[in-house]
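Student: I would like to go through the labels used for this model and ask what stands behind each one.

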Amino acid sequence: MLEFKYDTQLLIEGKNLDEDAIIEHFTSNFKGDCLLAVGDEEVMKIHFHTNEPWDVLKYCSQLGEIYDIVIEDMDRQERGLKG
């Protein structure tokens with residue numbers, strides 16, 4: 001069994017996006033691992049393993065428009081099923 005079940009990926013389009021501030025918010029407020037937050041002030045790519053992807057979506061939607069959202073169940077994938 002995986003500690004963090006959902007591979008959560010998305011793009012944020014906004015203004016004045018701050019990679020360091022986003023990373024700090026994730027590490028202070030969400031349980032998970034494999035965090036990637038890369039981009040610039042207008043577009044940021046997020047990748048995060050968590051058990052609460054809805055919390056990630058809620059936070060990111062406050063930063064700007066979110067799109068290209070992918071949430072995959074890694075436990076199902078590990079068992080050979082579609083994630």
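**Labels and their grounds**

Tutor: Start with Lys5, which has a relative accessibility of 25% and therefore counts as partly exposed. The model is a predicted one.

Student: Why is Lys5 called partly exposed?

Tutor: Buried requires under 20% and exposed requires over 50%. Lys5 is at 25%, so partly exposed is the label.

Student: What makes Lys5 and Asp73 a salt bridge?

Tutor: The cut-off is a Lys or Arg side-chain nitrogen within 4 Å of a carboxyl oxygen of Asp or Glu. The closest N and O atoms of Asp73 and Lys5 are 3.5 Å apart, so the pair qualifies.

Student: Is Asp73 buried or exposed?

Tutor: Asp73 counts as buried, because its relative accessibility is 10% and the limit for buried is under 20%.

Student: How many salt bridges are there by this rule?

Tutor: The count is two. Arg79 and Asp75 also form one, with 3.5 Å between the closest N and O atoms. Asp75 has a relative accessible area of 15% and is buried.

Student: Which aromatic pairs does the search find?

Tutor: Five pairs turn up in the whole structure. One of them is Phe26 with Tyr59, whose ring centres are 5.9 Å apart.

Student: Why is the pair of Phe26 and Tyr59 called edge-to-face?

Tutor: Planes over 60 degrees apart get that name. The planes of Phe26 and Tyr59 are at 80°, so the pair is edge-to-face. Phe26 lies in helix α1 (residues 19–29) and Tyr59 in helix α2 (residues 53–63), so parts 33 residues apart in sequence are tied together.

Student: What makes the pair of Phe30 and Phe48 tilted?

Tutor: Their planes are 50° apart, and stacked needs under 30 degrees while edge-to-face needs over 60, so tilted is what remains. The centres are 6.5 Å apart. Phe26, Phe30, Phe48 and Tyr59 form one aromatic cluster.

Student: How do you know that Phe30 and Phe48 are buried?

Tutor: Phe30 is at 16% relative accessibility and Phe48 has a relative accessible area of 3%. The limit is under 20%, so both count as buried.

Student: Why is strand β3 described as largely enclosed?

Tutor: Six of the eight residues of β3 (residues 43–50) are buried, so the rest of the structure largely encloses the strand. β3 pairs antiparallel with strand β1 (residues 6–14) over eight bridges, and six bridges join β3 to strand β2 (residues 32–39), also antiparallel.

Definitions and conventions. Residues numbered from 1 in each chain as written. Predicted model: local features only at pLDDT ≥ 70, side-chain atom pairs only at ≥ 80, totals over all residues. Heavy atoms only, no water. Buried < 20%, exposed > 50% of the residue type's maximum accessible area, 1.4 Å probe, protein only. Helix = DSSP H or I, 4+ residues; strand = E, 2+ residues; numbered from the N terminus. Pairing = 2+ DSSP bridges. Phe/Tyr/Trp six-rings, centres within 6.5 Å; stacked < 30°, edge-to-face > 60°.
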